[in-house]
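Thanks for coming, everyone. Please bring the model up on your screens, and I will walk you through it.

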Amino acid sequence: MVGAVAAVIAGEWNRHLPRWIALAASVTGLLLVILLWANTSPHSLTDGQWLMDYRKAWIPSFGITFHLAVDGLSLLLLGLTFFLGVLAVLCSWDEIRERRGFYYFNLLWILAGVAGVFMAMDMFLFYFFWEVMLIPMYFLIGIWGSENRVYAAYKFFIFTQASGLLMFLAILGLYFIHGQDTGVYTFGYFELIDTVIPFKTAFWLMSGFMIAFAVKLPVFPFHTWLPDAHGEAPTAGSLILAGLLLKTGAYGMLRFVVPMFPEVVTDVAVPAMVLGVAGIIYGAVMAYSQTDLKRLVAFTSVSHMGFVITGIFALNELALQGVVMQLVTHALSTGALFLMAGMIKERLHTRDIEQMGGLWGPMPQMGTIGLVFAMASLGLPGLGNFVAEFLILLGVFQAQPWVTVVAASGLIFSAVYSLRIVGKIFLGPRRTMEAVPDFSLREMLIMAALTVSVVWLGLFPQPVIDTAKPAITELIRFMDVHHMAADHQSYVK
Amino acid sequence: MDKYLWLIPALPLGGFLILALAGKQLTRASVAIVGAGSICLSALVTIIVGGAFLAGMPANAVYTQTLWTWFEVGEFSAKITLTLDVLSLVFVFVITFIGALIHIYSTAFMEADRDYARFFASMNLFVFSMLVLVLADNLLLMYLGWEGVGLCSYLLIGFWYEQPANGNAARKAFTVTRIGDAAMAIGLFMVFQQAGTLVISDIGANATTIWQPDSTVVTITALLLLAGGLGKSAQLPLQTWLPDAMAGPSPVSALIHAATMVTAGVYLVARMHAIFALSETARLVIAVIGAATLLLAGLTALTQYDIKRVLAYSTISQIGYMFLALGVGAWTAAIFHFMVHAFFKALLFLAAGAIIESLHHEHNMFKMGGLKDKMPVVFWTFLAGALSLAAVPLISAGFYSKDQILWYSWTANGGSPVLWMVALSGALITAAYTTRMMILTFWGESHTPVGHLPGRRMTMPLVVLAVFSVFAGFIELPHNFGHFTLFSDLLHPVLPETVMRDNIPSEWLFQLLAALATLSGIFLGYHYYYQQPARIENLRRNGLLASLHRFWFSGWGFDALYDRVLVKPFIFISKVNKSDVTDRLYTGIAAATGEMYKLLSRTQSGSLRWYIMGLVVGAILILGIQIML
Amino acid sequence: MEIAFYIAGTVALVATLMVITRHNPVHALLYLNVSLLAHAMLFYLLGASFAALLEIIIYAGAIMVLFIFVVMLLNLGKETAEQERKWLKPKVWMGPTALAAILFAEFLALVLSSGQGAYSPAVVGPRELALSLYHEYLLGVELAAMLLMAAVVGAAHIGRHKKLVLHRFLQEEKEKEEEKHEEAVL
Amino acid sequence: MKTTVSIEVVVLLAGLLFALGIVGVIIRKNIIFMLLSVEIMLNASGLAFVAAGSRWGQPDGQVMFVFILAMAAAEVSIGLALILQIYHQHKSLDIDNLREMNG
């Protein structure tokens with residue numbers, strides 16, 4: 001089973017043939033994940049955190065292994081990866097007309113990188129995949145983007161690359177500290193996680209990881225690459241960027257930062273949450289003033305990711321479950337909004353919302369779907385985002401009530417910008433007299449899939465929650481153990 | 001019968017789904033059948049289930065039905081559970097029954113509209129959400145309905161989306177109520193943190209063990225929940241959205257902005273009475289807000305030209321009465337007034353809609369007039385509603401419900417003479433503006449020719465509602481009128497008895513005063529608008545009064561205030577920062593690098609002397625460092 | 001004999017100062033020669049007699065002659081002196097001098113802080129020098145030889161061959177330009 | 001014949017000469033003068049080497065001087081060749097006229 005998934009990923013690396021192969025590959029990936037989920041969910045969720053484990057020596061002399069493993073959290077995100085992968089292939093069906101082979105090659109390569117990031121259990125391998133997803137994204141923006149694409153691509157690349165470098169330094173630091181302590185030089189996750197690090201060093205190492213993940217997420221002061229990258233990327237690029245690449249940041253925090261540096265994380269929780277809240281509000285306010293539809297949606301991402309980081313650092317089960325939900329639902333809702341922006345652009349040849357208006361008349365279907373996702377992004381109950389935001393806020397309230405109070409104002413701002421989207425695009429008088437056809441069958445299929453998922457997540461989120469549960473409880477347990485250990489130490493002193 | 005409970009909300013939901021997914025393909029007739037039929041069926045199920053419920057009252061006086069577990073994390077669990085007790089029964093009855101009538105009315109009213117299916121889809125979704133709101137057994141599910149009605153309200157206010165003004169009104173409505181909702185969400189978090197559950201019955205049962213009476217925590221929790229209610233119910237200070245919400249079609253105004261959604265706040269407070277009962281401060285706040293709102297909105301209503309805006313402000317004012325009743329602890333009186341108000345206000349809106357449509361979308365009352373003979377059915381039904389609104393003694397349902405509130409506002413435990421005075425002057429104002437509206441609309445000269453008369457499908461609901469507005473009052477009579485308390489008895493399993501103060505004065509006196517206030521209000525309106533309209537002009541010429549008039553007309557300047565204090569600064573900050581200040585930091589780094597490059601490339605001048613200078617300076621620096629160290 | 005040292009040092013300083021301030025290249029060269037002879041004296045006083053000899057023979061003899069040849073070849077005379085006079089203004093030399101002064105001050109500070117006492121220099125004769133040179137520093141000598149070789153070849157190459165070719169090109173270009181100019185005028 | 005001098009004085013003298021050389025290089029525009037100043041600097045450093053060698057009674061200082069000498073000879077021959085070349089091409093020895101980079 002593991003080998004199969006790995007083979008899919010490996011197989012994807014050298015596809016040069018156009019869209020059918022891309023579609024086939026991502027559908028296969030999706031099917032495999034679903035199969036895996038169906039196979040394992042009933043019994044193995046209760047016992048043990050890891051559903052699958054695959055290990056093979058890679059560069060043994062440096063303690064590097066090709067080690068992939070999947071737990072509930074990774075499984076969810078993997079499912080998301082391939083689901084969005086299928087949609088991304090579908091949505092670029094007609095949009096991309098030049099250099100198709102290379103385009104799909106890049107797309108699949110990104111998917112492979114993201115999937116690898118979600119599964120890698122070896123720090124070196126993790127970094128490897130982390131970089132793997134970066135460069136094709138750069139090409140995707142730089143080659144198939146719109147007017148200002150080179151600037152955006154550079155900005156994206158420099159931000160993520162610089163932060164990735166910091167992470168690599170931190171990984172190396174961890175590697176050597178662990179090696180000196182135990183004599184075993186290894187990049188393995190399970191070994192490194194137990195490394196005992198002095199607080200000060202731990203702080204710096206964590207900062208290395210944190211900055212990498214925070215840039216990717218992106219957390220408030222590091223967000224500026226996002227609107228540019230989103231604005232210029234092709235539709236599928238925005239979809240992947242919003243849906244998957246941002247998630248790797250959050251995944252990294254959940255998987256590495258929190259369990260590896262529990263004491264430091266507890267120490268910096270409040271500032272991190274404040275940053276998160278700043279991101280929520282800043283993103284929302286910024287979103288309100290944007291006239292470029294894609295930039296607008298990008299800023300809403302900043303706002304939503306603010307919820308994620310706030311939730312992660314609340315460090316309790318409610319909030320962490322909320323974070324997982326938020327990752328999934330945000331990918332769906334924001335992805336859908338980007339898709340819609342792409343579709344509108346195909347029809348009107350503009351992303352400027354000042355030039356839109358009254359599109360409900362000619363495109364009632366798109367209007368309805370657009371409304372659904374605008375509502376999802378403002379957190380309307382009954383849609384997935386509400387469950388996520390509610391759980392996060394509820395969890396954060398247990399930790400820091402005041403943070404929640406401020407974050408809740410994000411609910412108001414999100415209403416303001418979401419309604420602005422709907423109002424400017426679909427309502428009001430018509431601005432253009434061009435004929436705008438409603439959804440084609442292919443588009444309808446994409447949007448219907450997204451809508452059904454987001455509603456399903458809103459009404460029956462329990463399967464997702466159950467799947468992520470072992471990983472989350474493990475995380476919480478880890479925190480508790482460390483707390484007890486820390487308490488114990490302080491008693492000894 | 002409890003296993004059919006789910007049908008009540010499911011029917012409108014089914015209607016919504018059919019219309020939303022297949023609305024394009026259906027004919028107008030089938031849209032009307034699906035749209036209105038689902039609600040009528042729902043009303044029928046309500047009557048059957050409600051009848052069964054009342055006939056064989058279960059032991060704990062509730063029907064519950066758990067459909068599925070929504071989500072469960074750690075100790076937190078939210079289930080999709082419907083629960084029916086008498087309080088929700090009253091609401092469900094009003095929602096489905098009035099909803100059904102309004103839907104029937106709309107089939108005719110919206111006949112000519114392009115988006116027939118969309119209208120009914122939204123209306124059905126609204127009814128569904130509202131039913132979920134009142135049937136929810138936990139606060140989270142209630143929140144779902146709560147936001148759902150907000151969404152539908154948004155959709156329906158902005159129904160005629162081509163006019164930007166409608167879209168703005170819709171946005172305003174959603175945003176303003178959202179402010180309350182955010183506060184309410186925080187309230188939910190507090191409740192969960194303290195009670196460990198969001199199930200309403202559990203909270204109610206354990207409230208006294210969880211919270212100390214009059215502790216700060218319970219007051220804050222109560223006030224946060226109240227904020228949600230204030231937003232939805234358009235009470236001070238979040239009332240500004242409701243008058244603008246009249247941009248929607250008239251049936252929408254009737255259903256959402258008069259009969260049902262705006263009373264969600266009343267429902268919330270009544271539902272969570274366990275918490276509110278524990279906080280003296282919170283109840284005082286409710287009462288004061290209610291009193292202030294009723295006075296303020298009443299005075300504003302006196303000055304409006306647009307018939308629907310008059311009705312909107314009167315709605316705000318009447319809900320103010322309900323909040324006042326809740327605040328003083330007269331729970332059942334509030335619910336009673338809610339029910340009666342739902343009947344007559346829906347009636348008034350529908351009749352106003354009929355008038356407006358007949359007069360080619362003329363909203364200004366001063367351009368109406370003389371409709372008494374031209375539209376007799378509308379006139380008589382409107383009169384019935386107006387009598388109820390003005391609370392004309394004995395013959396109108398409004399009198400019985402409002403009189404009860406007036407009475408309790410003095411005598412109930414939380415009441416006081418000041419509140420009573422305010423409520424009484426409110427009654428006078430209500431009567432005055434109702435009379436003004438009646439006279440301007442139906443008497444006097446005709447200013448606009450009547451287009452076509454409303455058809456049967458529009459008048460039938462008017463008549464039914466008129467009957468209810470007159471007779472609904474008789475199910476609850478004052479103590480001295482034979483003490484007939486069918487309604488409050490009904491509600492007592494859920495809501496506590498109103499606690500009275502000691503040594504209260506005689507009720508007769510109060511009723512007399514209330515009646516006097518109403519009649520003098522009517523007289524004032526009659527005098528100024530019928531007998532001597534010239535006097536109004538004289539009054540208006542007075543500078544002070546004219547500016548007062550302007551002030552009231554603008555809704556006491558709240559819109560301008562919020563615009564100045566909240567909206568403008570927000571937009572300003574947002575616009576100023578459009579290109580993102582933090583980006584400057586990074587582009588700054590990039591620009592600095594560029595500058596450095598230019599600077600350094602300037603040094604590559606090819607001038608040997610410069611190079612040597614550079615060498616020397618470098619040597620100086622290195623030696624300098626060595627000396628320093 | 002310290003007095004001889006100080007005299008020689010002073011002469012070297014003054015002569016050097018004159019070198020860098022003269023306008024006429026020939027004068028400057030002569031002062032440089034004086035300076036070099038003073039250096040030789042200093043070397044001798046420091047016990048490095050062989051170095052002093054080399055200084056006189058190679059530097060003051062051979063290298064200076066090279067300079068003089070070049071000056072003569074280029075026919076640098078009064079015009080150059082005039083030019084130099086125009087260039088050498090206080091505004092021009094103040095800054096660099098100040099910089100050099102700072103550098104020297106730092107150097108001074110460093111040297112004085114080391115605190116070495118006075119000593120009497122030991123005489124290191126040609127014999128030891130030769131032994132050292134062809135023993136320890138053999139590689140360096142070979143390298144120096146190669147350097148000199150390269151210099152000879154390079155100088156020959158640069159100084160003669162290319163000059164002519166480029167010179168002719170330049171003239172041709174000039175002629176062409178002049179022709180064009182004339183055509184344009186006509 | 002025996003002199004006693006403090007090493008500081010010799011080194012300072014070398015430093016002073018070196019500084020003068022620097023000044024010469026910087027302030028003169030004529031390439032010939034710059035080349036002369038470079039010679040001064042080379043000599044100054046040679047002086048420092050010789051002084052150091054004599055301080056410790058070792059031949060190394062003089063060896064270094066010999067190398068410097070060799071290098072100076074090479075440098076001067078190449079430098080003068082270049083000067084000739086430059087003069088023929090540009091009819092000028094002004095270093096500022098010879099800038100061909102667009103800094």
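What pLDDT does chain C average? Chain C averages 79, and 82% of its residues score at least 70. pLDDT is the predictor's confidence in each residue, from 0 to 100. Within chain C, strand E1 (residues 118-119) has the lowest mean pLDDT of the elements, at 68. Helix H2 (residues 25-45) of chain C has the highest, at 88. Helices (H or I, at least four residues) and strands (E, at least two) are DSSP runs, numbered from the N terminus.

Some ground rules. This is a predicted model: local features need pLDDT of at least 70, side-chain atom pairs count only at pLDDT 80 or more, and totals for chains, interfaces and linings use all residues. Residues are numbered from 1 along each chain as its sequence is written, and chains are lettered from A and ligands numbered from 1 in the order in which they are written.

Now the interfaces. Chain D puts 63 residues into its contact with chain C, and chain C puts in 76. Contact means that the C-beta atoms of two residues, placed from the backbone, lie within 7 Å. On chain D's side, H3(D) gives the largest share, 24 residues. By class, that side has 41 nonpolar, 16 polar and six charged residues. Ala, Val, Leu, Ile, Met, Phe, Trp, Tyr, Cys and Pro count as nonpolar, Asp, Glu, Lys and Arg as charged, and the others, Gly among them, as polar.

Chain B next. Here 37 residues of chain B touch 39 residues of chain A. H6(B) gives the most to chain B's side, with 13 residues. That side splits into 18 nonpolar, ten polar and nine charged residues.

Last, a helix pair inside chain B. The axes of H3 (residues 86-109) and H20 (residues 456-471) of chain B come within 7 Å and cross at roughly 155 degrees. Axes are lines fitted to C-alpha atoms, for helices over the stretch in contact, and angles run from 0 to 180 degrees between N-to-C directions. So H3(B) is roughly antiparallel to H20(B), a label for angles over 145 degrees. Which residues make the contact? Among them are B:Leu101, B:Ile104 and B:Tyr105 of H3(B), and B:Met458, B:Pro461 and B:Leu465 of H20(B). By class, this contact has eleven nonpolar, one polar and one charged residues.

Methods: Angles under 35 degrees count as roughly parallel, over 145 as roughly antiparallel, 65 to 115 as roughly perpendicular and the rest as oblique.
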